[in-house]
Amino acid sequence: MPVDLEQHGFFSQGSPHKSWESKKDTIRRLYIEEARPLWEVHEIMMKEHDFKASIQQYKTRFKQWGPPFPKNKTRTRAHEQVPIPSGSARRTRPRRITTRLEHQRSVATSGDARLVILLPKSPRTPAVELALRSAGNYTQGLLNDFTWDNFTITSQAGRCDFAAQWQEIVDQCWGATELVLRKELPDGFNALQQMCAKLSDVVRFVSPAMMVKLWRLCYRLYKTCSKMGDGDFRLLREFLRYIRELMGHHHGNHPLCLALDAISTAPGGELRDTLRVFYLITIRAMESRLGQHHSVVLNMWSNYLKYWEGDGLDSASFIQGYQALLGTSESEFGVIVESTVTVLHGFMYAAYYNLKDKALNKHLALELHSRVPQMPCLQGVPWWSVPTQGFALAAKLLATLSLEEGQIEASWSFIENAVNRLSQGDGECQTRSRMLKGILDGWQREQLRHTQLPHRLSQSVAVASEDAV
């Protein structure tokens with residue numbers, strides 16, 4: 001049975017009905033008596049009353065409450081518009097996508113690395129064509145205010161690039177959706193609410209990290225909806241509307257709003273492919289500025305190819321790129337430092353999911369599994385970070401490979417060691433610890449079933465023999 005997302009209130013806290021009713025008088029005062037625009041009511045309720053709901057949820061609730069709240073938007077209040085910076089064009093309602101995106105197979109060449117990928121033809125819908133061009137141009141232009149080396153992207157003005165914050169949000173989304181899929185709904189939806197609260201702070205500042213991580217967030221929510229049997233993809237669409245409201249509020253007619261509109265209005269059958277083309281065009285824009293062997297570019301390609309076009313990979317060039325990057329990091333920064341471990345993590349991820357090279361994967365996983373415990377993130381009380389994530393994945397992959405090789409005790413020890421370490425850490429570490437423990441429990445139950453089966457058969461034979469006598 002598909003999970004009813006609405007009954008849990010993706011953005012509202014506690015019981016949705018009780019939460020809304022307890023805030024009704026405050027909302028009426030702000031929206032009706034003080035005639036504040038809805039976006040301002042939304043922001044005040046979040047900041048001053050810790051009430052997290054999307055703009056669309058406000059509109060839906062207003063319809064349920066009835067007068068004096070507006071029943072519909074047949075007329076637009078003058079003060080209802082989100083402020084738009086001077087010189088920006090006023091937003092218009094995007095056309096709905098009505099045609100299926102088409103593709104053509106071709107070979108994309110970037111320096112020495114060649115990737116056979118599905119390149120989208122220009123979609124017939126003008127709104128989507130504009131959104132695609134805007135997203136690509138915006139991503140390239142965004143990097144004008146940043147400098148970079150082979151591993152990082154840094155703001156020229158010395159501002160934080162928010163890469164760490166976006167990584168934290170992606171990690172929290174992954175952990176939260178795993179909890180939802182495991183039917184641990186209160187914890188899962190609470191984690192999603194916390195993730196959205198962090199987004200409301202981070203989205204006000206544009207950064208390359210946003211373009212790197214946003215599509216991964218969207219695809220993770222898409223996969224969650226698919227596994228839950230939610231054919232309407234309500235969780236993803238609600239998330240897209242939420243991000244779109246934040247972007248519109250903080251940045252007016254931002255180019256990314258066009259992309260979010262195009263994705264959120266795509267029919268269910270076209271949703272996955274619509275996400276794909278926006279992710280692809282973002283990778284190409286990043287690659288055109290950062291180069292083919294930048295750590296961010298390699299990781300984006302690895303993630304993209306895992307989910308969409310895993311057979312379109314030039315393995316030799318991919319391995320060469322990661323080996324060169326890893327060697328440079330080890331020689332310049334050292335073996336047990338975050339930049340090197342981050343590259344090693346990406347290389348291991350690609351070896352397992354893209355290259356399907358078990359020998360290479362095992363070598364990289366053993367290296368990662370031995371290095372990270374020497375880093376501060378796993379000393380004392382562990383905290384979740386890219387190296388910690390790499391350690392958890394390395395333990396899982398080593399356990400999987402050991403199990404395939406028939407080394408059952410070694411397989412279980414990798415998982416048990418990771419579970420024990422992560423269970424002593426912060427909230428995200430504990431979430432991953434529970435997930436690894438669930439994997440181990442499943443393996444042990446399966447092993448017990450196989451070992452008990454011969455014993456049960458022999459007992460059955462003995463009983464049958466006695467009956468015959």
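These are my notebook entries on one predicted model.

**Entry: overview**

I started with the chain as a whole. The chain holds 18 helices and four strands. I looked up burial next. Of the 469 residues, 50% are buried. Then I turned to contacts between residues at least 6 apart in sequence. Of these, 68% join residues at least 24 apart.

**Entry: confidence**

Before reading details, I checked the pLDDT. The chain averages 77, and 78% of the residues score at least 70. Which elements have the lowest and the highest mean pLDDT? Strand 1, residues 103–110, has the lowest, at 29. Helix 15 has the highest, at 92.

I noted a caution here: where pLDDT is low, predicted coordinates should not be read in detail.

**Entry: helix 14 and helix 15**

I went to a helix pair next. Two packed helices are described by the angle and the distance between their axes. Helix 14 covers residues 338–353, and helix 15 covers residues 358–371. Their axes come within 9 Å. They cross at roughly 150°. Are the two helices roughly parallel or roughly antiparallel? An angle over 145° counts as roughly antiparallel, so helix 14 and helix 15 are roughly antiparallel to each other. I also noted the hand of the crossing, which is left-handed.

Which residues meet in this pair? From helix 14 I listed Thr-340, Val-341, Leu-344, His-345, Phe-347, Met-348, Ala-351 and Tyr-352. From helix 15 I listed Leu-360, Asn-361, Leu-364, Ala-365, Glu-367, Leu-368 and Arg-371. I sorted the residues of this contact by kind. Ten are nonpolar, three are polar and two are charged.

**Entry: backbone angles**

I looked for backbone exceptions. Most residues other than glycine have a negative phi, and most peptide bonds are trans.

Lys-356 lies in the loop between helix 14 and helix 15. Its phi is positive, near 55°, and Lys-356 is not a glycine. Is Lys-356 buried or exposed? Exposed means over 50% relative accessible area. Lys-356 has 61%, so it counts as exposed.

I found a positive phi at Lys-183 too, of about 70°. Lys-183 is not a glycine either. It lies in the loop between helix 6 (163–181) and helix 7 (185–202). Lys-183 is exposed, with a relative accessible area of 54%.

The peptide bond between Pro-67 and Pro-68 is cis. Its omega is about 10°. I placed Pro-68 in the loop between helix 4 (55–65) and strand 1.

**Entry: Lys-396**

My last stop was a lysine in a helix. Lys-396 lies in helix 16, residues 386–404. How exposed is Lys-396? Its relative accessibility is 30%, so Lys-396 counts as partly exposed.

I then asked what Lys-396 touches, leaving aside its neighbours within four places in sequence. It is in contact with Ile-415, Leu-436 and Ile-439. I also checked Trp-412, which is 16 residues from Lys-396 along the chain. The C-alpha atoms of Lys-396 and Trp-412 are separated by 9.6 Å.

Technical notes. Residues are numbered from 1 along each chain as its sequence is written. This is a predicted model: local features need pLDDT of at least 70, side-chain atom pairs count only at pLDDT 80 or more; totals for chains, interfaces and linings use all residues. Side-chain values use heavy atoms; hydrogens and water are left out. Axes are lines fitted to C-alpha atoms, for helices over the stretch in contact, and angles run from 0 to 180 degrees between N-to-C directions. Angles under 35 degrees count as roughly parallel, over 145 as roughly antiparallel, 65 to 115 as roughly perpendicular and the rest as oblique. A crossing is left-handed if the near helix is turned anticlockwise from the far one by less than a right angle, and right-handed if clockwise. Contact means heavy atoms within 4.5 Å. Ala, Val, Leu, Ile, Met, Phe, Trp, Tyr, Cys and Pro count as nonpolar, Asp, Glu, Lys and Arg as charged, and the others, Gly among them, as polar. pLDDT is the predictor's confidence in each residue, from 0 to 100. Buried means under 20% relative accessible area, exposed over 50%, partly exposed in between (1.4 Å probe, protein chains only).
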